[in-house]
Amino acid sequence: MFADKLPEFGAYWPIFLDGGVAVAIFFVVSGEALSHGYFVKNDIEAVRKLAIKRYVRLTVPIFVSCLIVFFLMKNHLIFSHEAALIVDKHDWLGHFLLFDPGIASFLSYSLYGVYFPTPREMSYNPVLWSMSVEMPGSLFVFFTLFVTRNRAQRWAIYAVTSPFMIVFSPFLTCFVIGMVFSEMRVAGTFKRLAASAAMNWVCGILLIGVVAGLMASPLLPFAHKAVAHRLSLAAAVFLFAIYSNNRLQSLFDNRFSHFLGELSFPVYLVHLPIVVSLESYLILRLCADGIVTRGSAYFIILVTLAASLFAGLAFVYVERFAIKASNSFFAFIDGL
């Protein structure tokens, strides 16, 4: 947000606040989670259940997130356009919500439009661009598991589809990587790798390399279209290093990390409404003269983080309702 005004935000913060990396990791983990049950029990019924539940499971929290934005827009509580002028973020913050809200557009976007590529300027929640990858990625996982019965058949599909994914939608390759990781986990491959002292050193070097690469990438002349490839590769290497190293697994496998994992998707859904309303309002009030001080910037960031955390905690109840609703939907369909 403040990178153009205060140099340290552009130099040091990207590695911690790089949403693209987090989304790519989410795609890999999603591919792994959706296929894991099948690889453990070889139960195609579990895949059918997940496939039937998927739309409701994703759409309920998406709908509520977009409803919040719709409410803010209708009540003139969006301040992002004015704030963008102060922090010189015309190409990002200034492009959000450039349309008049309406019931029809809200319903069409939140119920099905979000699953297709939508211009950022016409999205009720622009960060939900990821759903245009998540849904087809999920369908790819389900399709692959439905039509194959052994590893050779699955790898044949990976080999045929991956080149097209790399060219046309690089983030979809994250789902293939997730499925491969899931098979490796069930086969005990990661446990064997983690038992090797040499591999532990290799994983540490890989992790340092990912961090260094992400910090250096803004300074390198990457084409914009190559960003998705870079983030997908970073996510794959990052997770491989963690899965193959006992110490790194212990670092990330604890109650606090599980809590953050449960909270990550709710925070992801609600942080944009907070950015375009509360954070943007604070920018207008504290930086009205166009001067952004370090004190005001850090205060705004801390308030925004705290508000996102509390909103995410509240949104957990929406997530739980979505799970119950998807289970009920499956029971209804299964009973027909």
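Trainee: How do the axes of α14 and α15 cross, and within what distance do they come?
Mentor: The axes of α14 and helix α15 (residues 294-334) come within 6 Å and cross at roughly 140°. Axes are lines fitted to C-alpha atoms, for helices over the stretch in contact, with angles from 0 to 180 degrees between N-to-C directions. Helices here are DSSP runs (H or I, at least four residues), numbered from the N terminus. This is a predicted model: local features need pLDDT of at least 70, side-chain atom pairs count only at pLDDT 80 or more, and totals for chains, interfaces and linings use all residues. Residues are numbered from 1 along each chain as its sequence is written, and side-chain values use heavy atoms, with hydrogens and water left out.

Trainee: Parallel, antiparallel, perpendicular or oblique?
Mentor: α14 and α15 are oblique to each other. Under 35 degrees is roughly parallel, over 145 roughly antiparallel, 65 to 115 roughly perpendicular, and the rest oblique.

Trainee: Which residue classes make up the contact of α14 with α15?
Mentor: That contact has 21 nonpolar, 5 polar and 4 charged residues. Ala, Val, Leu, Ile, Met, Phe, Trp, Tyr, Cys and Pro count as nonpolar, Asp, Glu, Lys and Arg as charged, and the others, Gly among them, as polar.

Trainee: On to rings. How many aromatic pairs?
Mentor: The count is 22 aromatic pairs. Ring centres of Phe, Tyr and Trp (its six-membered ring) must lie within 6.5 Å; planes under 30 degrees apart are stacked, over 60 edge-to-face, the rest tilted. Tyrosine 55 and tyrosine 115 form a tilted one, 5.9 Å centre to centre with 55° between the planes.

Trainee: Where do tyrosine 55 and tyrosine 115 sit in the chain?
Mentor: Tyrosine 55 is in helix α4 (residues 44-74), and tyrosine 115 is in the loop between α6 (103-111) and α7 (131-147), 60 residues apart.

Trainee: Is tyrosine 115 buried or exposed?
Mentor: Tyrosine 115 is buried, because its relative accessible area is 8%. Buried means under 20%, exposed over 50%, partly exposed in between (1.4 Å probe, protein chains only). Tyrosine 55, at 38%, is partly exposed.

Trainee: Which residues form one aromatic cluster?
Mentor: Phe26, Phe27, Trp129, Phe171, Phe175 and Phe265.

Trainee: And which arginine lies over the face of tyrosine 243?
Mentor: Arginine 185, at 4.4 Å from the ring centre. The rule wants NZ of Lys or CZ of Arg within 6 Å of the ring centre and within 35 degrees of the ring normal. Arginine 320 lies over the face of tyrosine 317, at 5.4 Å.

Note on methods: Helix = DSSP H or I, 4+ residues; strand = E, 2+ residues; numbered from the N terminus.
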